[in-house]
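Reader: I have a structure on my screen and would like to learn how to read it. Could you take me through some of its features?
Author: Gladly; let us look at it together.

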Amino acid sequence: MKSYAAQPLPSKEERLIRFGSVPPIPGNKPTTKEKMSDLQNRSHDYLFNINQVGICKVRHPIQIRSELIPDIQTTVAELTLTTSLQRESKGINMSRLTELLERYRREKWEADFEGLQRLAAEMAEYMEQTQAEIELEFPWFYERSSPVLGMTGLNHSQASMKVIYAQGNPLEFVLKLQTAVTTLCPCSKEISEYSAHNQRGNVTVTVELDETSLPQSDWKTLLLDAIESNASSPLHPVLKRPDEKAVTERAYENPRFVEDMARLVAADLYEMDFVKAFKVECRNEESIHLHDALAVISFDNTTEAAL
Ligand SMILES: Nc1nc2c(ncn2[C@@H]2O[C@H](COP(=O)(O)OP(=O)(O)OP(=O)(O)O)[C@@H](O)[C@H]2O)c(=O)[nH]1
């Protein structure tokens, strides 16, 4: 058989030229930072202030803590880092955002309330702006035991933290958790001689708070409990037959419409004293339809009363 590897190829340099590479032109523009024009910092009347300018879809590992096991974990976040910009400034110094992120990574920064406070304040200062926002969305993992045999495995929810810094005002936070659960249809249970259809419910909880009322314990665990404790059943990574019997019967004992889920989760959030305002979104992936069922509650604890 013919050996292709035995035939020598042109050198790497020759290959690149053959495929179209050309040498750089000499050029006459400055090559040192000091001599380069600084377009971003050129002052003029640029017609509008900008509310938010910066970078998004930044994929970056972050370190988080959890009350559940594993208690310290590295996960991959998608970040959005933005600041305000006055109408007199052409552009922000965008490279400073990833420069800061790199510095915090090297200092083993943790993405908790304190860490976000610190990063937001420093970001506003370094970018010479009065407002800054940081948002990070990441999967949060936690160990889950099966209900009878205690078989463990990892579940995960999608979590997100946003901090809003505005000079002279308390820092505001927006926290979000999206978790999947089992919901069993109460109507189906009521009308059928036997069985009841059930579905996977996707519940998204968003809460607003400020630095004067931070939660005393892990916010992720609090929101997870608000979602799962009100579902027909939580989900489990590992279930043996005795476990499967238990979760099936638990769901039958706790039927929930999508409206029931939204209202019960809202009731738990209403009772959390650190929550200023919240939103609950429940979306059931119907198993007897092609479409989903949806219920949404938005509530402001500071201006509305539940009853
Ligand atoms: N402001 C702004 N910068 C952009 C945009 N798109 C890309 N950039 C990049 O931002 C980088 C320049 O960042 P700067 O922070 O202004 O760089 P610099 O002035 O050399 O850095 P410092 O002196 O530390 O402020 C360049 O690589 C640009 O390509 C944009 O739409 N707006």
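Reader: Is Glu128 buried or exposed?
Author: Buried means under 20% relative accessible area, exposed over 50%, and partly exposed in between, with a 1.4 Å probe and protein chains only. Glu128 has a relative accessible area of 62%, so Glu128 is exposed. Glu128 sits in the loop between α3 (113-126) and β3 (131-145); helices (H or I, at least four residues) and strands (E, at least two) are DSSP runs, numbered from the N terminus. Glu128 also has a positive phi of about 55 degrees, although it is not a glycine.

Reader: Before we go on, what kind of model is this?
Author: This is a predicted model, in which local features need pLDDT of at least 70 and side-chain atom pairs count only at pLDDT 80 or more, while totals for chains, interfaces and linings use all residues. Residues are numbered from 1 along each chain as its sequence is written, and side-chain values use heavy atoms, with hydrogens and water left out.

Reader: Which phi does Leu47 have?
Author: A positive one of about 75 degrees, although Leu47 is not a glycine. Leu47 is in the loop between α1 (12-18) and β1, and its relative accessibility of 58% makes it exposed.

Reader: What kind of peptide bond joins Ile69 and Pro70?
Author: A cis one, with omega about 0 degrees. Pro70 belongs to the loop between β1 (50-65) and β2 (72-85).

Reader: Where is Trp219, and which residues does Trp219 contact?
Author: Trp219 is in helix α5 (residues 219-228). Its relative accessible area is 4%, so Trp219 is buried. Contact means heavy atoms within 4.5 Å. Setting aside neighbours within four places in sequence, Trp219 is in contact with Phe113, Ala159, Ser160, Met161, Leu175 and Lys176.

Reader: What does the side chain of Asn230 reach?
Author: A polar contact is a pair of N or O atoms within 3.5 Å; within protein, one must be able to donate a hydrogen and the other to accept it, and residues adjacent in sequence count only if both atoms are side-chain atoms. Here the side chain of Asn230 reaches the backbone oxygen of Ala226 at 2.7 Å. Asn230 lies in the loop between α5 and β7 (233-234), and at 9% relative accessibility Asn230 is buried.

Reader: Which residues are around the ligand?
Author: A residue is near a molecule or strand if one of its heavy atoms lies within 4 Å of it. Around the ligand are Lys33, Gln40, Ile92, Asn93, Met94, Ser95 and Arg96. A polar side-chain atom of Ser95 is 2.5 Å from an oxygen atom of the ligand, and one of Asn93 is 3.0 Å from a ligand oxygen atom. Met94 places a backbone N or O atom 3.4 Å from an oxygen atom of the ligand.

Reader: Finally, how many helices and strands does the protein chain have?
Author: The protein chain has seven helices and nine strands. Its radius of gyration is 26 Å, well over the 19 Å that the globule rule gives for 307 residues, so the chain is more spread out than a compact globule. That radius is taken over C-alpha atoms, and the globule rule is 2.2 Å times the number of residues to the power 0.38. Along the principal axes, the C-alpha atoms fill a box of roughly 85 × 75 × 35 Å. Buried residues make up 38% of the 307 residues.
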